[in-house]
Amino acid sequence: MAVDFWAPTPSESAAQSMSFVYLRRDVDVGRLPYSAGFILSDSLTAIEQGKPMNVRCVYPLNEAVSGQSGDHGCNLGGGDTGAPDLNSCDANGVTDVADWLTHHAANGWQCSFSVNVATKFYTALQARKAYADNTRLPSMLIAPWTIDAPHAIPFQAIYFDVSNGGQLVQAQQYQMAYYKATGEWLPILRMAFDAAGEASFAFAQEDQLDAGFAVADHLNERFNETPGECPGAKAIVYCSGVIVRAVNTQSAAWNPSADAIAKNGVSASFLRTDGHVRTPYRGTGLVFRPLDAPAAYPLTPRCIYAPDGNLHKREDGCGPSTLGPDTGPCAAIGIDTVAKWLPHYAQYGAQGCSFAVTVAGVALSFEARRTFTWPPAGYEGRNELVIVPWPADIPGSLPLEAIFYSELEYSLPKAQAIQLDYYTQTGRFLPVVHILFPMPIAGTIFTYHAEDQATARGAAGLNAPVSFVREGNESDPD
């Protein structure tokens, strides 16, 4: 698990030194020992933050340390020199690259260089180049911090190496562990090595566990805003409110059902404060971005019903029900006011007519909903927005914003299963949010809880040893 991922290994505890990989542009790297870990701040920043580092020595090649190594792991030959500077190259008369290579070949172990003298530190980097094996990396030994006080460690970020199998899910495990220990968020960075061995780092907001808080805020804002129309004289479903689709499957939950494809209509609910929706159809489902938001595959609405539209009793999602031809589109039978709709609804109920997705049509559907007794029950507890089915197996192209659940014990596990399935298919983090059931007319409907996220706890086979990377900032000596 990712608990205390910052803790030293037993061997490092015995040596009282932790090994950190040192990266710099002129250090050719093929890959890191592990594909996820954390990055420390540079020394000056660490001092400014009141989190100084006690760097003991540097090795040209990464080296495991143990309690048997002398001078806190800086002397692989064993024993302590007693010198204030713990490096072992000085005691062995190694002053340049040629000396280091000769000593390494003759003894079978490498001496460490001083980190306190710029020329000696630079010699360590040159010795690593001369060794000509980019699978071995320079490493610095740093005195460990207090394990139960991670806030005192000069963390800069968590990384996952996408070029070498790095898993976002693993990085999020570390991010959650640090948050639980400190109440603070460390950013996650995507890292990659190119063919020349140069590293690049990138930040993506959607990779961060705390991105879910912003998603919940946006959903609540849209739910409570009530514009009369959207830009371009479009219906309010395009830019306001929240569109959700309840699902009853945990695998490929984003795919339209065979029935939805046959009826040319995927069922969803359109939630907005003035729509007086009480409960979506089920307690687990998908949350979509606004219809006018950029998407690789935009969604197309067909019609909207004031109550649940009883699509199971219709051959076409927006067409007549089994009660007859007068239960198709409202406009086709002249229903353009609530006064005309009321007797129609009294006759046909939830199998009645559908409204067009126009400014007037959706507004009329909302007017009709507000004639229901509050709180509405049964079919009147929700409306139904019918969307043109999209192709199967394109989760990364759909305008999905979140996964919702209503009940902690029953629907949260289903939402988490969808979250992991989505991550497996796309490599992206889609936050799980809680939706308030039953819903009030206004207020905070959606909330985000970091501990609800399945990716934060990980999954079988995704837990690997932690690696440690430090960004380099030293310059070549003059």
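Biologist: How many aromatic pairs does the structure hold?

Modeller: Rings of Phe, Tyr and Trp (its six-membered ring) pair if their centres lie within 6.5 Å, and planes under 30 degrees apart count as stacked, over 60 as edge-to-face and the rest as tilted. By that rule the structure holds 20 aromatic pairs; among them, Phe20 and Phe38 are edge-to-face, with 5.9 Å centre to centre and 70° between the planes. This is a predicted model, in which local features need pLDDT of at least 70, side-chain atom pairs count only at pLDDT 80 or more, and totals for chains, interfaces and linings use all residues. Residues are numbered from 1 along each chain as its sequence is written, and side-chain values use heavy atoms, with hydrogens and water left out.

Biologist: Are Phe20 and Phe38 buried or exposed?

Modeller: Buried means under 20% relative accessible area, exposed over 50%, and partly exposed in between (1.4 Å probe, protein chains only). Both Phe20 and Phe38 are buried.

Biologist: Why is the pair of Trp185 and Phe213 edge-to-face?

Modeller: The ring centres of Trp185 and Phe213 are 6.4 Å apart and their planes stand at 65°, so this pair is edge-to-face. Trp185 is partly exposed, at a relative accessible area of 24%, and Phe213 is also partly exposed, at 33% relative accessibility.

Biologist: Which residues form one aromatic cluster?

Modeller: One aromatic cluster is formed by Phe5, Trp6, Phe20, Phe38, Trp145, Phe155, Tyr174 and Tyr178.
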